[in-house]
Amino acid sequence: MSKLKIAIQKSGRLSDDSIKLFKECGIKFEVGKSKLKSTSRNFPADFLFLRDDDIPGYVEDGVADVGIVGENVLVEYGKDVDNVKALGFSKCRLSLAVPREVDYPGVQYFEGKSIATSYPNLLQKYLDENGVKAHIHVISGSVEIAPGIGLAEGVCDIVSTGGTLLSNGLKEVETIFRSEALMVANKSLSAEKKALLDRILFRIDAVQKAQNHKYVLLNAPNEKIDEIIKVMPGMRSPTITPLAQEGWSSIHSVLKESDFWENIETMRAAGAEGILVIPIEKMIS
Ligand code: ATP
Ligand code: MG
């Protein structure tokens, strides 16, 4: 039987969440500092631990069947792979930044200037779209120090909170790309490998849905049930059971995290009390 070869980042900002994702999907494998490869004990998969930059290329070539990589790296390297799922972690943006003391007039500031980055393709595309001609200075790491050492007048780098820029005397002035972790796959997987990938995607779906929903229980006077269940659609419909106390019921349902607080307020206003909110571990509709 064939095994699915899955590439994840060996060590960095994608690693922990990638490992956690497979754990939550019930796929067990060992992770060790010096390990470059690990075979799952309970799923036909081999895990390859690589530098994130190498993952799109390895997936394109079929050295790995599937990989997890930041959208920024995927688009920068322009490899031909299937983008099968957005994973919602390692969210960050690629931004232009300039020394804090610069009185920034807009993107034309960069005309004729030099910009240090590890993302020349994404940056060039942005500059072209904005009609700006600048010199791109490619460096592979510690981009933020470039202006301080006179290497460039601006930088284009990954930002999540902006703390690194700030501590290097820089300020963010333009966001050029938004990124999150993606699951990518080789374009010509065998039917057998596709079936394995589908099993994993089904599990990821269940994990993601569970994270986006809560199980809610509450008590309500019987005459208020209709009003309350309007905001508690549930998976098929809510469960309603009578309480020992005459005239009251307990209502159970599943609520979406996104409109959670609004709906809870509506329920309280309608007379719900004793509201319990419980996390869901897996959710399969
Ligand atoms: P490698 O040694 O594997 O090449 P790296 O140093 O290139 O690692 P990391 O800094 O670990 O890369 O970042 C990996 C990916 O995580 C980035 O390509 C980006 O998608 C995302 N990322 C980077 N910085 C952050 C951040 N501060 N917050 C969230 N996600 C981030
Ligand atoms: Mg890298």
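Start by selecting residues 51–205, the span that an unreviewed UniProt entry annotates as "domain: ATP phosphoribosyltransferase catalytic"; UniProt positions are given here in the numbering used for this model, feature names are shortened, and annotations may be inferred rather than shown by experiment. The end C-alpha atoms of residues 51–205 lie 26 Å apart, and the span is 28% helix and 30% strand, where helices (H or I, at least four residues) and strands (E, at least two) are DSSP runs numbered from the N terminus. What you have open is a predicted model, in which local features need pLDDT of at least 70 and side-chain atom pairs count only at pLDDT 80 or more, while totals for chains, interfaces and linings use all residues. Residues are numbered from 1 along each chain as its sequence is written, chains are lettered from A and ligands numbered from 1 in the order in which they are written, and side-chain values use heavy atoms, with hydrogens and water left out.

**Domains**

Next, colour the protein by its division into domain 1 (4–89 + 180–210), domain 2 (92–178) and domain 3 (213–279), bounds that come from an automatic or database domain assignment. The C-alpha centres of domain 1 and domain 3 lie 39 Å apart.

**The magnesium ion**

Now select ligand 2, the magnesium ion, which is coordinated by Asp52 (OD) and Asp53 (OD) at 2.0 to 2.1 Å. Donors are N, O and S atoms within 2.8 Å of the metal (3.2 Å for Na, K and Ca), and because water is not among the atoms, sites may look incomplete. Aspartate 52, at 16% relative accessibility, counts as buried, whereas aspartate 53, at 25%, counts as partly exposed; buried means under 20% relative accessible area, exposed over 50%, and partly exposed in between (1.4 Å probe, protein chains only).

**Salt bridges**

Show the charged side chains next, counting as a salt bridge a side-chain nitrogen of Lys or Arg within 4 Å of a carboxyl oxygen of Asp or Glu; by this rule there are eight salt bridges. One of them joins aspartate 80 to lysine 187, with the closest N and O atoms 2.9 Å apart. This pair links distant parts of the chain, 107 residues apart, with aspartate 80 in the loop between α3 (71–77) and β5 and lysine 187 in the loop between β11 (181–185) and α6 (191–211). Aspartate 80 is partly exposed at 45% relative accessible area, and lysine 187 is partly exposed at 46%.

Select aspartate 205 and lysine 85 for another salt bridge, in which the closest N and O atoms are 3.0 Å apart. Aspartate 205 lies in helix α6 and lysine 85 in strand β5, so the pair ties together parts that are 120 residues apart in sequence. Aspartate 205 counts as partly exposed at 29% relative accessibility, while lysine 85 is buried at 17%.

Move on to glutamate 172 and arginine 93, whose side chains meet in a salt bridge of 2.7 Å, N to O. Because glutamate 172 lies in strand β10 (residues 170–179) and arginine 93 in strand β6, this pair ties together parts 79 residues apart in sequence. Glutamate 172 is partly exposed, with a relative accessible area of 30%, and arginine 93 counts as buried at 18%.

**Two serines with positive phi**

Most residues other than glycine have a negative phi. Serine 90, although not a glycine, has a positive phi of about 50°; look for serine 90 in the loop between β5 (82–86) and β6 (92–99), where it counts as partly exposed at 23% relative accessibility. Serine 142 likewise has a positive phi of about 45°, is found in the loop between β8 and β9, and counts as partly exposed at 48% relative accessibility.

**The loop between β8 and β9**

Leucine 151 is also found in the loop between β8 (135–138) and β9 (154–159), and is partly exposed, with a relative accessible area of 31%.

**The C-terminal part**

Finally, select residues 210–282, where UniProt places the feature "domain: Histidine biosynthesis HisG C-terminal" (unreviewed entry). The end C-alpha atoms of this span lie 5 Å apart, and residues 210–282 are 23% helix and 40% strand. Arginine 236 sits in the loop between α7 (225–229) and β13 (239–242) and counts as exposed at 81% relative accessibility. The C-alpha atoms of arginine 236 and serine 253, which are 17 residues apart along the chain, are separated by 9.2 Å.
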